[in-house]
Amino acid sequence: MSRAISLRDKLGSHPCFGIFIKIPRAEVIDVVALAGYDFVVLDLEHSQISYAEAREVLQAARANGLSAIVRLPNLDAGLSNRLLEAGAEGIQVSSVDSSATATSIKRALSYPPVGDRSISLSQPAARYGTVPVGDYLDEFTHRPLSIGQLESVELRDDPAAIVPNLDVAFIGTLDLSVSAGTPGSVSRGRAAETITQVEAAAKQSGTTLGIFAGEVAEALGAVERGYRYIVVGSDLGLISAAATQAHDKLLSIQAAR
C-alpha cells in the first residue's frame, strides 16, 4: 500500500495551515487544495452539513491529496469510525474539559490494543479489502489524530492532566473568550491564563498545539509561540472578506470619478 504523507507527518516537520469548511462542495475543496493549504476541518458542529455531504467532501479531499479533519460537537465513537473509514485523518471534538474525555477520544480513534475502535476492511481507507489486514493496521492504528478543543476557563481537570492525552490541544479562542467574560479577546484575564497553562502542558508532554487565528498576523504570531495546527478562518469567512473587499473597491473607484 503506497502511503500518502499524513497530516500527522506534516505536523511533525512544520507548522500547518487549514480552514474550516462549512460549504459542502467538492469545488470548494478543489480551490482550497489549489491554494496550497495543508488541511481542512469539515465542521459538523457549526454548519448544516449532513453525513452524506461530509462523505462527499472527504472523497474530494482524498482525490486532491488534501488532509481532512472532521469537527464534532461531542465524541460519537460510531460516527467517528465511519468518518475515518471515509477518509478523515482525525476527529476534532469540542469542549474537552477533562482527562477522561481526552482519553476516550484517543481510544475511540485507535484500533486495539491502543484503543477500542472496531475494524472493517470493506471501506475506502483499506481499499475495500485489497490491503492485507496486517499492513492496514500497521498504518492506521496510530495514524488518526485525536484533537481536543479546550475552550473554557472552567475545566474539570488541570490542563496538565488533559493535554498529554491528545495529539493536538486546540484553543477555541472565541468560546474561551466568552467563557472568560472577555468576548472577542483572549489576551488578558482568565482566558490568557488558561492559554498559558495549555501551552506549558503541551511543551511538557510534547503535544502539538492548535489554535484558531482569524487574521494572518495572529497565525504568524501563533507559529512564533510554537503552534503547528493553525486554522486561519473558514470558507464562508474568506468569501465574505473577498466579496466585501471587491465591493468596497468598486464604491471607492466610483466615488473618485
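I began with α5, which lies across β4 and β5 (145-150) and runs at about 155° to β5. A reminder to myself before going on: this is a predicted model.

**The barrel**

Next I traced how the strands are arranged. They form a closed barrel of eight, in the order β1-β2-β3-β4-β5-β6-β7-β8, and the pairing is parallel. I looked up the twist as well, and it averages 25° from one strand to the next.

I then picked two strand pairs to look at in detail. Strand β3 (residues 67-72) pairs with β4 in the parallel sense, and I found four bridges there. Across that pair, Arg-71 stands opposite Gln-92 of β4. The second pair was β7 (residues 208-212) with β8 (residues 229-234), which is parallel too and has three bridges. Here the facing residues I noted were Phe-212 and, in β8, Val-231.

Are the two faces of β4 buried or exposed? I went through strand β4 (residues 90-93) residue by residue: Gly-90 and Gln-92 sit on one side, Ile-91 and Val-93 on the other, and all of them are buried. Both faces of β4 are therefore covered, taking buried as under 20% relative accessible area.

**Helices α2 and α3**

I turned to a helix pair. The axes of α2 (residues 26-35) and α3 (residues 51-64) come within 9 Å and cross at roughly 30°. An angle under 35 degrees counts as roughly parallel, so that is how I logged α2 relative to α3. The crossing of α2 past α3 is right-handed.

Which residues make the contact? From α2 I listed Ala-26, Ile-29, Asp-30 and Ala-33, and from α3 I listed Val-57, Ala-60, Ala-61 and Asn-64. Sorted by class, this contact has six nonpolar residues, one polar and one charged.

**The loop between α5 and α6**

My last stop was the loop that joins α5 (99-109) to α6 (133-140), where Pro-113 is found. I flagged it because most peptide bonds are trans, and most residues other than glycine have a negative phi.

Arg-127, which lies between α5 and α6, has a positive phi of about 55° without being a glycine. Tyr-128, found in the loop between α5 and α6, has a positive phi of about 55° too, and again is not a glycine.

How exposed are these residues? Arg-127 has 40% relative accessibility, so I put it down as partly exposed. Tyr-128 is at 55% and therefore counts as exposed; the cut-off for that is over 50%. Gly-129 is also placed in the loop between α5 and α6, and with a relative accessible area of 42% it is partly exposed.

How values were computed. Residues are numbered from 1 along each chain as its sequence is written. This is a predicted model: local features need pLDDT of at least 70, side-chain atom pairs count only at pLDDT 80 or more; totals for chains, interfaces and linings use all residues. Side-chain values use heavy atoms; hydrogens and water are left out. Buried means under 20% relative accessible area, exposed over 50%, partly exposed in between (1.4 Å probe, protein chains only). Axes are lines fitted to C-alpha atoms, for helices over the stretch in contact, and angles run from 0 to 180 degrees between N-to-C directions. Angles under 35 degrees count as roughly parallel, over 145 as roughly antiparallel, 65 to 115 as roughly perpendicular and the rest as oblique. A crossing is left-handed if the near helix is turned anticlockwise from the far one by less than a right angle, and right-handed if clockwise. Contact means heavy atoms within 4.5 Å. Ala, Val, Leu, Ile, Met, Phe, Trp, Tyr, Cys and Pro count as nonpolar, Asp, Glu, Lys and Arg as charged, and the others, Gly among them, as polar. Two strands pair if DSSP finds at least two bridges between them.
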